[in-house]
Each structure stands twice: as structure tokens, then as C-alpha cells.
Amino acid sequence: MSTDFRPNLTLANAVNQWGRFESSRSAVATANSSFTYGDLADKIANVAQLLLAAKIMPGDVVAVALDDDAEAIAAWLGAWRAGAQFLPMRKVFSEQQFKSVLTRSGAVATIVQGADTQQERWARDLGVQVLVAGSAITKRGKHEAHVSPFGHDDVCCVLLTSGSTSEPE
């Protein structure tokens with residue numbers, strides 16, 4: 001596969017191409033899991049489909065509250081591929097911090113590890129749509145997903161930092 005710079009190729013689409021041509025090569029490795037490019041491309045497409053089925057619109061903020069870092073990367077790229085902005089959520093947030101970040105970011109949905117988790121309950125308390133990653137992250141599938149058009153000027157990630165206040169802003 002060519003490594004030439006192509007200004008119209010996004011990271012999510014590049015991973016999809018690597019998933020087709022280099023599917024068995026290692027793409028992500030963490031202490032808890034690892035994915036090949038084929039696995040990662042499947043997971044990105046599955047998360048994008050999950051978000052599109054949930055009526056997530058381009059530009060919507062989607063919080064990602066997953067314990068496994070490799071799965072979180074797949075969810076971030078899946079959100080981006082669906083045209084949404086992803087908001088990485090820290091595993092160590094207290095209930096107050098979690099709810100504050102969701103509120104301040106304007107998140108319309110939260111991807112959580114499983115049903116009946118703290119993060120799932122906290123998001124529901126705020127009326128934020130909850131999407132359980134479960135099978136979207138674990139199932140194998142084709143790398144194809146209808147994607148929302150987005151460009152290089154679109155925001156892909158929302159970061160809130162605490163600075164010296166310990167309150168995410």
C-alpha cells in the first residue's frame with residue numbers, strides 16, 4: 001500500500017484501507033488487548049453503525065467511557081467515522097466529575113462498557129443516551145459502514161482539562 005500523503009484520507013479511512021490490505025498486521029496493543037488492522041477496521045465500522053443507528057448526527061459529541069484502552073481507540077475512531085466528535089472519559093472520574101464533563105461538553109450519547117455500570121447510570125441520570133459497546137466492539141464483521149461526510153476542518157475530539165481547579169473545563 002502506498003504511503004503517499006493524500007489530503008482527503010482521514011485516519012479512520014486509512015485504518016479501513018490497512019484493514020483490507022494488511023489485515024493481519026498489528027495495529028493497536030495495550031496491556032489488556034491487541035487488535036490487528038483487520039480487527040480495528042471491523043470495530044471502527046461496527047461502532048460507526050451503532051452510532052448511526054442511534055441517530056447520532058454529524059458534529060454531535062459522544063462520550064467514550066470504556067475501560068480497555070484499545071477498545072476506546074476503536075470507539076473514538078468509530079465516532080469520528082460516523083461524523084461525531086468523541087469525548088474521552090477518564091476511568092477515575094467521580095460521579096460529580098463525570099456528570100460535569102457530560103454536561104459541559106454537550107454530549108448527546110455515552111458509549112459504556114456494559115449495562116448496569118456506574119457510568120451508564122450517571123449518564124441516564126442526566127438524560128444522555130447510553131450505548132453499550134459490547135458486541136459493537138467484540139464482534140467480527142466487514143469493514144464497511146455508511147459514514148457521514150466530514151472533512152479536515154471538522155472537529156473530531158473534545159478534550160476537557162482540569163488545570164489547577166480539579167474541575168474539568
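This is a predicted model: local features need pLDDT of at least 70, side-chain atom pairs count only at pLDDT 80 or more; totals for chains, interfaces and linings use all residues.

Student: Why is K55 called exposed?

Tutor: Its relative accessible area is 65%. The label needs over 50%, so K55 counts as exposed.

Student: What makes the phi of K55 worth a remark?

Tutor: Most residues other than glycine have a negative phi. K55 is not a glycine, yet its phi is positive, about 65 degrees.

Student: And how do you know what to call Q129?

Tutor: Q129 belongs to strand 6 and has a relative accessible area of 31%. Buried would need under 20% and exposed over 50%, so Q129 ends up as partly exposed.

Student: Which residues does Q129 touch, leaving aside its neighbours within four places in sequence?

Tutor: A54, I56, V108, A109 and T110. Take A54: it lies 75 residues from Q129 in sequence, but C-alpha to C-alpha the two are 8.7 Å apart in space.

Student: What about contacts across the whole chain?

Tutor: Count the contacts between residues at least 6 apart in sequence, and 67% of them join residues at least 24 apart. As for burial, 46% of the 169 residues count as buried.

Student: How many helices and strands are there?

Tutor: There are 6 helices and 6 strands. Along the sequence they follow the pattern α-β-β-α-β-α-β-α-β-α-β-α.

Student: Which strands form the open sheet, and in what order?

Tutor: It has 4 strands in the order 4-3-5-6, with parallel pairing.

Student: What makes strand 4 and strand 6 edge strands?

Tutor: Strand 4 (85–88) and strand 6 each pair on one side only. Neighbouring strands in this sheet are turned by 25 degrees against each other on average, direction ignored.

Student: How do you know that strand 3 and strand 4 really pair?

Tutor: Pairing takes at least two bridges. Strand 3 and strand 4 have 4, in the parallel sense, so they pass. V64 stands opposite P88 in strand 4, for example.

Student: How many bridges does strand 5 have with strand 3 (residues 61–65)?

Tutor: Again 4, and the two run parallel. There, V62 is opposite A109 of strand 5. Strand 5 also pairs with strand 6 (residues 129–132), over 4 parallel bridges, and T110 faces V130 of strand 6.

Student: Why say that both faces of strand 5 are covered?

Tutor: In a regular strand the side chains alternate between the two faces of the sheet. In strand 5 (residues 109–112), A109 and I111 are on one side, T110 and V112 on the other, and all are buried.

Student: Which secondary structure element packs on the sheet and touches strand 3, strand 5 and strand 6?

Tutor: Helix 2 does, and its direction makes about 150 degrees with that of strand 6.

Student: How do helix 2 and helix 3 cross?

Tutor: The axes of helix 2 (residues 37–53) and helix 3 (residues 69–81) come within 7 Å and cross at roughly 55 degrees. Roughly parallel would be under 35 degrees and roughly perpendicular 65 to 115, so helix 2 is oblique to helix 3. The crossing is right-handed.

Student: What kinds of residue make the contact of helix 2 with helix 3?

Tutor: They divide into 11 nonpolar, 1 polar and 2 charged. Among them are L40, I44 and L51 of helix 2, and L77, G78 and R81 of helix 3.

Student: What covers the buried residues of helix 1?

Tutor: The cover includes helix 2 and helix 3. The buried residues of helix 1 (residues 11–21) are A12, A14, V15, N16 and G19.

Conventions:
Residues are numbered from 1 along each chain as its sequence is written. Side-chain values use heavy atoms; hydrogens and water are left out. Axes are lines fitted to C-alpha atoms, for helices over the stretch in contact, and angles run from 0 to 180 degrees between N-to-C directions. Angles under 35 degrees count as roughly parallel, over 145 as roughly antiparallel, 65 to 115 as roughly perpendicular and the rest as oblique. A crossing is left-handed if the near helix is turned anticlockwise from the far one by less than a right angle, and right-handed if clockwise. Contact means heavy atoms within 4.5 Å. Ala, Val, Leu, Ile, Met, Phe, Trp, Tyr, Cys and Pro count as nonpolar, Asp, Glu, Lys and Arg as charged, and the others, Gly among them, as polar. Buried means under 20% relative accessible area, exposed over 50%, partly exposed in between (1.4 Å probe, protein chains only).
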